[in-house]
Amino acid sequence: MVPGEPFTSVDDVAERFSAHGYLTDRRLATTVYLMSKLDKPVLLEGPAGVGKTELAKALAAATGRRLLRLQCYEGQDETKALYEWDYGKQLLYIQMLREKIGEITAHAPDLVSAVEKIEAQDSVFFSDHFLAPRPLLEAIRGEEPAVLLIDEVDRADEALEAVFLECLAEFQVSVPEIGTYTAKVPPYVVLTSNNTRDLSAALKRRCLHLFLGYPDAGRELDILRAKRTGLPEAAARQLVSVVRGLRELGLRKNPSISETVDWARTLAVLGVDELSADILAETANVVLKYERDLGRALGVLPELLDPNREPPAELPEGHGHGHGHGHEHRHGHGHGHEGEHPHTVAPAPEPGTGRGDRTFAAATRRRRV
């Protein structure tokens, strides 16, 4: 495949993504195809763990482009996103060229004249040679086609969000000391957001938009198969059913797609052929990262594993019946999204309403029927 080779159709997108282990639906494949044809960034919004970051990685692999990633965080300034001057390198060269600088200023009659002679050489030390590009500038001025991933843009300050606008609208970056760089080959730009804050209308206007949710049971099972976790088919089906049941509980953080894959791999490593409540309880910490969530889940795992089983009269002491907090969209900087994939999901329970408990109770009644 030639690096930067464009997609020829929506089906071509789906096929090339699938070849690299990322399963798409028609809506997602269409959005990616339009992004490549219209040279417009795509903004992916949705809960953590549904495949937003992984999509950018699959896009780079499917097109043979290099991946440039800008991880956003609070307090980040534009030098970490655009460029900065390599002051250490500048100082080293000044030390090495000290004699030459002396020659330039040797015949200056006074200090003012000497400074003027040095100022005339500014262009030497503020040039491409001493410019340290960061992801945005590297994506624009690079010779090779690229995929630029601006990850968790909702964590960036609004001031930095404004810096993105020139880059996204014109695919150019201005460096006052040098001039304006314009992309010879516009990068494919993917922005992701976990909805921790509302993004500006100006940013959204420049992007194609797609909301990603959790997949349906069939698609999630397909993802487990594609990832070749080693878990037997019957056990994988049970595991998907259990995970979907956990997402109905109104947990503080719902299990992501990548965590489902990790759970399947964990069970496969342990040599599990058939799921049991005990083995699930022993390994549930793979997908549940809060003690309250873990305690609540342990009380209902037998019911989730066997829908025909009579539920316990009450949860074990300490597991509680507290109200859910819906989807948890915030997570740390060291997270990964490998193996995640996008699909739709019903809205999360509203905080403090108890809807999570009622949803699970309703689901339990349906299972017993």
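Analyst: At 12% relative accessibility, T24 counts as buried (buried being under 20% relative accessible area, exposed over 50% and partly exposed in between, with a 1.4 Å probe and protein chains only). The model is predicted, so that local features need pLDDT of at least 70 and side-chain atom pairs pLDDT 80 or more, while totals for chains, interfaces and linings use all residues. Residues are numbered from 1 along each chain as its sequence is written, and side-chain values use heavy atoms, without hydrogens or water.

T24 sits in the loop that lies between α1 (10–19) and α2 (26–38), helices being DSSP runs of H or I of at least four residues, numbered from the N terminus. Once neighbours within four places in sequence are set aside, T24 is in contact with A14, F17, A29 and R219, where contact means heavy atoms within 4.5 Å.

Turning to the helix pair, α12 (residues 233–247) and α13 (residues 257–269) pack with their axes 11 Å apart and at an angle of about 140 degrees; axes are lines fitted to C-alpha atoms over the stretch in contact, and angles run from 0 to 180 degrees between N-to-C directions. The two helices are therefore oblique to each other, since angles under 35 degrees count as roughly parallel, over 145 as roughly antiparallel, 65 to 115 as roughly perpendicular and the rest as oblique. On the α12 side the contact is made by L239, V242, V243, L246 and R247, and on the α13 side by I257, T260, W263, A264 and L267.
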